[in-house]
Every structure is written in C-alpha cells, then in structure tokens.
Amino acid sequence: MTDLPPIAQLDPNIAALLAQLWRAASTGGQPWSLARLAKQAGLGMSTLLRGLNLLAELGLAHMERRDNGRGRAWLSEEGLACCREWFDASGQD
C-alpha cells in the first residue's frame, strides 16, 4: 500500500501524534483541536505543529489554523489507511 515504515520505527512524537489522530478518527471522526491533540499526545504546541506540518507534507494529515492560533487537525484518506494498518494490526503478529 505505502512505502512508509512500520509505526515502531517512527519518531516517538510522530507515533504519539498519529495515535491520537487515529483515536479521533475512530471515535466519531471529527477533527480534534490542536490544543486537545497536544494534550492527548503529550506534546508541546511547537512539537505538535512541526509534526502536523510533516504529516501534511507526506499527505497523511490535514491541519486548519486560524489567525487567533486555534485550529484543528485530522487524518487524510491515506493517513486513515496507514493508521488502520499500523494500529488495527498491532498485536496480531
């Protein structure tokens, strides 16, 4: 499907962010606020934004930011497929 590495080989911050984006998608599919993502992933806002920018460049996530600093993020279709493979398959080896 993709040439992306297994989740265990990713930077821990990216893996934590992907896990929370997957959690958001799995519990209603609504985008989570950047503040909620940062808190749930245990990341500082600057680390969160760097991670989201990277995931957006890779086509795995979308992020929307407003002028007041607030925003939200969600997985793209490819991001959903990758997370489904990584997180649904975890523990099945």
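The questions and answers below go through a predicted model of one protein chain.

User: In what order do the elements of the protein chain run from the N terminus on?
Analyst: The model is predicted, and the secondary structure of its protein chain comes to four helices and three strands. Read from the N terminus on, these elements follow the order α-β-α-α-β-β-α.

User: Which element supplies the largest share of the largest nonpolar core?
Analyst: The largest nonpolar core holds 24 residues, and those that touch the most other members are Leu 17, Leu 21, Leu 48 and Leu 55. At least two residues of this core come from each of α1 (12–26), α2 (34–41), α3 (45–57), β3 (71–75) and α4 (77–88). The largest share, six residues, is supplied by α1.

User: Which residues does Leu 17 touch, not counting residues up to four places away in sequence?
Analyst: Leu 17 is one of the four core residues that touch the most other members, alongside Leu 21, Leu 48 and Leu 55. Once residues up to four places away in sequence are set aside, the residues that Leu 17 touches are Leu 37, Ala 41, Leu 43, Leu 48, Gly 51, Leu 52 and Leu 55.

User: Is Gln 20 buried or exposed, and at what relative accessibility?
Analyst: Gln 20 lies in helix α1, and, not counting residues up to four places away in sequence, Gln 20 touches Trp 32, Leu 37, Gln 40 and Ala 41. Buried means under 20% relative accessible area. Gln 20 therefore counts as buried, with a relative accessibility of 12%.

User: How far from the centre of the ring of Trp 32 is the charged end of Arg 36?
Analyst: Trp 32 is among the residues that Gln 20 touches, while the C-alpha atoms of Gln 20 and Arg 36, 16 residues apart along the chain, are separated by 9.4 Å. A search of the whole structure finds zero aromatic pairs, but the ring of Trp 32 does have the charged end of Arg 36 sitting over it, and the distance to the ring centre is 3.9 Å.

User: Which backbone oxygen does the side chain of Ser 76 reach, and at what distance?
Analyst: Ser 76 is found in the loop between β3 and α4, where it is buried, with a relative accessible area of 5%. Not counting residues up to four places away in sequence, Ser 76 touches Gly 59, Leu 60, Ala 61 and His 62. The side chain of Ser 76 reaches the backbone oxygen of Gly 59, at 2.5 Å.

User: What separates the C-alpha atoms of Asp 11 and Gly 51?
Analyst: Asp 11 lies in the segment before α1 and is partly exposed, with a relative accessible area of 42%. Gly 51 is among the residues that Leu 17 touches. Although Asp 11 and Gly 51 are 40 residues apart along the chain, their C-alpha atoms are separated by 9.7 Å.

User: What percentage of the accessible surface of the protein chain belongs to carbon and sulfur atoms?
Analyst: Of the 93 residues in the protein chain, 33% are buried. The accessible surface of the chain comes to about 5,700 Å², and the part that belongs to carbon and sulfur atoms is 47%.

How values were computed. Residues are numbered from 1 along each chain as its sequence is written. This is a predicted model: local features need pLDDT of at least 70, side-chain atom pairs count only at pLDDT 80 or more; totals for chains, interfaces and linings use all residues. Side-chain values use heavy atoms; hydrogens and water are left out. A nonpolar core is a set of buried Ala, Val, Leu, Ile, Met, Phe, Trp, Tyr and Cys residues joined through side-chain atoms within 4.5 Å. Buried means under 20% relative accessible area, exposed over 50%, partly exposed in between (1.4 Å probe, protein chains only). Contact means heavy atoms within 4.5 Å. Rings of Phe, Tyr and Trp (its six-membered ring) pair if their centres lie within 6.5 Å; planes under 30 degrees apart count as stacked, over 60 as edge-to-face and the rest as tilted. A charge sits over a ring if NZ of Lys or CZ of Arg is within 6 Å of the ring centre and within 35 degrees of the ring normal. Accessible areas come from the Shrake-Rupley method with a 1.4 Å probe; for residues, only the protein chains shown count as cover. A polar contact is a pair of N or O atoms within 3.5 Å; within protein, one must be able to donate a hydrogen and the other to accept it, and residues adjacent in sequence count only if both atoms are side-chain atoms.
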